[in-house]
Amino acid sequence: MPSPHSQPPAGQQARLLQTHTPELFANAVAEVVEALRKGEVVALPTETVYGLAANAWNPEAVRRIYEAKGRPAHNPIILHVVGKPMALECVAQWADPAERLAAAFWPGPLTLVLPKSARVPEIVTAGGPTVGIRWPSHPFMQAVIQGCGFPLAAPSANRANELSPTHADHVLRSLGDRIPLVVEGGQSQVGIESTVIDLSTPVARLLRPGMIHETALRELLAAPADDGSGNPAESSGPLRSPGQLPRHYAPRARLETWEWKGEADLAARLRRLQPGFRRIHLISHTRVPVGLGEAVHVSVIPHDPEAFARALYAELHRCDEEQADLVVVEAVPPGPEWAGIADRLRRASA
Ligand code: TXA
Ligand code: MG
């Protein structure tokens, strides 16, 4: 019997496939593999955020991703692989830095940008010479890639300029009327998008911070190459970050990050703003603020970078659903573990 959750809300055509028993899991893998072989797009769980996947070798299938998302054609899509041999089919170069980073962090939330192989269609890379690849750790995603035998192109499974989904419900709400299949794979365990590092240039560049943070990457890149010579690897040196901050990863409401000195200060600032906003949501993480009045909706998420990242997008999606018009997020501490989260909050408030 399908659970009541497998029926999409009225107006949505997507079917939701459940995976929470071995039998459901195996049936869903078989159905998804078949759909992907036929060139369809399917929304799949990954450990970072849900992805909208298609056969990377099939330009027509990849075109459907751009169409469903309303994604601009100049924005490249990353490839998802299982195992190094499949990664090697996608790239024209695999030097020591890629080997080390992959050995340390794959399967996991790290995307490596490398010169693309001739086999990768132009539409995947938006015509560019490089391709982003990662080996995801989510068991369902892995089973599907293995079943397909080809890499999956997959951006986050949301319409362009909306928040990334961390639950199947988020996907249904954003794309439910545009795609045929969504797989329920539970809450995304990392919760923000993968770290993206460009290894195609002489000095590695951090293109998007994430939960695998810069300090960890830098340590690995700077460590001496394991060639017995004792010389540092070619890749040593600073990571350069392009530091673009377009508005992205944002809820519909205006988002601000604040620091406050005690609850009286916070309450006074909120009171001053209240006439201009119908519904204010406050997301804090150090303590439960009290005495803010009925008009401010408060949620508290854990003060731990990993748990915070896991909870953040679900909170922001809820703010959208409840039509908040202002979201105030308590500023996060400095430090490399928080850098990916701080990046998303900065972009959401840009
Ligand atoms: O965690 C993730 O990375 C998720 C899951 C589904 O794997 N995917 C994801 O994809 O966030 P997307 O398309 O929403 O974000 C990928 C980012 C985009 O900012 C894109 O511009 C960048 O990576 N990107 C992709 N290929 C690139 C390339 N060849 N060079 C530079 N940037 C690239
Ligand atoms: Mg995205």
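**Notes on packing and surface**

1. Glu-315 is in contact with Ile-283, Ser-299 and Ile-301, leaving aside its neighbours within four places in sequence. Keep in mind that this is a predicted model.

2. Glu-315 belongs to helix α10, which covers residues 305-321. Is Glu-315 buried or exposed? Its relative accessible area is 14%, and because buried means under 20%, Glu-315 counts as buried.

3. The largest nonpolar core has 70 residues. Those touching the most other members are Leu-44, Trp-94, Leu-112, Ile-133, Val-144, Leu-152 and Ile-179. Which helix gives the most to this core? Helix α1 (residues 22-37) does, with six residues.

4. Ile-133 shows what such a position looks like in detail. Apart from neighbours within four places in sequence, Ile-133 is in contact with Leu-79, Ala-87, Cys-90, Val-91, Trp-94, Trp-106, Leu-110, Thr-111, Leu-112 and Leu-114. Trp-94 and Leu-112 from this list are also among the residues that touch the most other members of the core.

5. In soluble globular proteins, nonpolar side chains tend to be buried together. Val-288, however, is exposed, with a relative accessible area of 52%. Val-288 sits in the loop between β12 (280-284) and β13 (296-300). Together with Val-290 and Val-300, Val-288 forms a nonpolar surface patch with about 250 Å² of accessible area in total.

Key. Residues are numbered from 1 along each chain as its sequence is written. Chains are lettered from A and ligands numbered from 1 in the order in which they are written. This is a predicted model: local features need pLDDT of at least 70, side-chain atom pairs count only at pLDDT 80 or more; totals for chains, interfaces and linings use all residues. Side-chain values use heavy atoms; hydrogens and water are left out. Patches are made of residues with over 30% relative accessible area and no salt bridge: like charges are joined within 9 Å, nonpolar side chains (Val, Leu, Ile, Met, Phe, Trp, Tyr) within 5 Å. Accessible areas come from the Shrake-Rupley method with a 1.4 Å probe; for residues, only the protein chains shown count as cover. A salt bridge is a side-chain nitrogen of Lys or Arg within 4 Å of a carboxyl oxygen of Asp or Glu. Helices (H or I, at least four residues) and strands (E, at least two) are DSSP runs, numbered from the N terminus. Buried means under 20% relative accessible area, exposed over 50%, partly exposed in between (1.4 Å probe, protein chains only). Contact means heavy atoms within 4.5 Å. A nonpolar core is a set of buried Ala, Val, Leu, Ile, Met, Phe, Trp, Tyr and Cys residues joined through side-chain atoms within 4.5 Å.
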